[in-house]
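Morning, everyone. Please put the structure up on the screen, and let's walk through it together.

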Amino acid sequence: MSGEASELLLLVEAAKQARVSVETMRFWIRTGKLASVRPGRRRMIRRDVLEAFLLRDSLAERKEARIVL
């Protein structure tokens, strides 16, 4: 695939990039936290959507940590 921002990742690839299990990826998709597409039989995630999700999630975790401390 090309280096476009809309590059599609398999769940395995997305999980590896996010450093989580494939089951966690499926949970995020099922609960509506992470958007995915199905351009055929496989469920895939756009790279730019994953990166934005991870950035948002990271910021939320940091805010929660400040509140707890």
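Start with one contact. Arg-47 forms a salt bridge with Glu-7, and the closest N and O atoms are 3.1 Å apart. Keep in mind that this is a predicted model. What is going on in a pair like this? Side chains of opposite charge can pair when their charged atoms come close.

Where do the two partners sit in the chain? Arg-47 is in helix α3, which spans residues 47–68. Glu-7 is in the segment before β1, the strand at 8–10. The partners are 40 residues apart, so this pair links distant parts of the chain.

Now, buried or exposed? Glu-7 has a relative accessibility of 17%. The cut-off for buried is under 20%, so Glu-7 counts as buried. Arg-47 is at 23%, and therefore counts as partly exposed.

How many salt bridges does a search of the whole structure find? Three. Here is another of them. Arg-26 pairs with Glu-23, with the closest N and O atoms 2.7 Å apart. Both residues lie in helix α2. They are three residues apart, about one turn of the helix. Arg-26 is partly exposed, at 38% relative accessibility. Glu-23 is partly exposed too, at 49%.

One bridge is left to describe. Asp-48 forms a salt bridge with Arg-46, and here the closest N and O atoms are 2.6 Å apart. Asp-48 counts as partly exposed, with 25% relative accessibility. Arg-46 is partly exposed as well, with a relative accessible area of 33%.

Let's step back to the overall layout. The protein has three helices and two strands. Along the sequence, the pattern reads β-α-α-β-α. There are 69 residues, and 22% of them are buried.

Next, the inside. In soluble globular proteins, nonpolar side chains tend to be buried together. Which residues make up the largest nonpolar core here? There are twelve in all, among them Leu-9, Met-25, Trp-28, Ile-29, Leu-34, Ile-45, Leu-50 and Phe-53. Helices α1, α2 and α3 each supply at least two residues of this core. The most come from α1, which gives four.

Last stop, the largest pocket. Rolling a probe the size of a water molecule over the atoms shows where empty space is left. The largest pocket has a volume of about 150 Å³. Two elements give two or more residues to its lining: α1, residues 11–18, and α2, residues 22–30. Which residues line it? Leu-10, Leu-11, Val-12, Val-22, Arg-26, Arg-38, Arg-41, Arg-42 and Arg-43. By type, the lining divides into four nonpolar, no polar and five charged residues.

Some names come back here. Arg-26, one of the lining residues, is also the partner of Glu-23 in a salt bridge. Leu-11 lines the pocket and also belongs to the largest nonpolar core.

Over to you for questions.

Notes
Residues are numbered from 1 along each chain as its sequence is written. This is a predicted model: local features need pLDDT of at least 70, side-chain atom pairs count only at pLDDT 80 or more; totals for chains, interfaces and linings use all residues. Side-chain values use heavy atoms; hydrogens and water are left out. On a 1 Å grid over the protein atoms alone, a cavity is a set of points where a 1.4 Å probe fits but cannot get out, and a pocket is an open set with protein on both sides within 12 Å along at least five of seven lines; lining residues have an atom within 4 Å of a point. Grid points are joined across faces, edges and corners, and a volume is the space filled by probe spheres set on the points. Ala, Val, Leu, Ile, Met, Phe, Trp, Tyr, Cys and Pro count as nonpolar, Asp, Glu, Lys and Arg as charged, and the others, Gly among them, as polar. A salt bridge is a side-chain nitrogen of Lys or Arg within 4 Å of a carboxyl oxygen of Asp or Glu. Buried means under 20% relative accessible area, exposed over 50%, partly exposed in between (1.4 Å probe, protein chains only). A nonpolar core is a set of buried Ala, Val, Leu, Ile, Met, Phe, Trp, Tyr and Cys residues joined through side-chain atoms within 4.5 Å.
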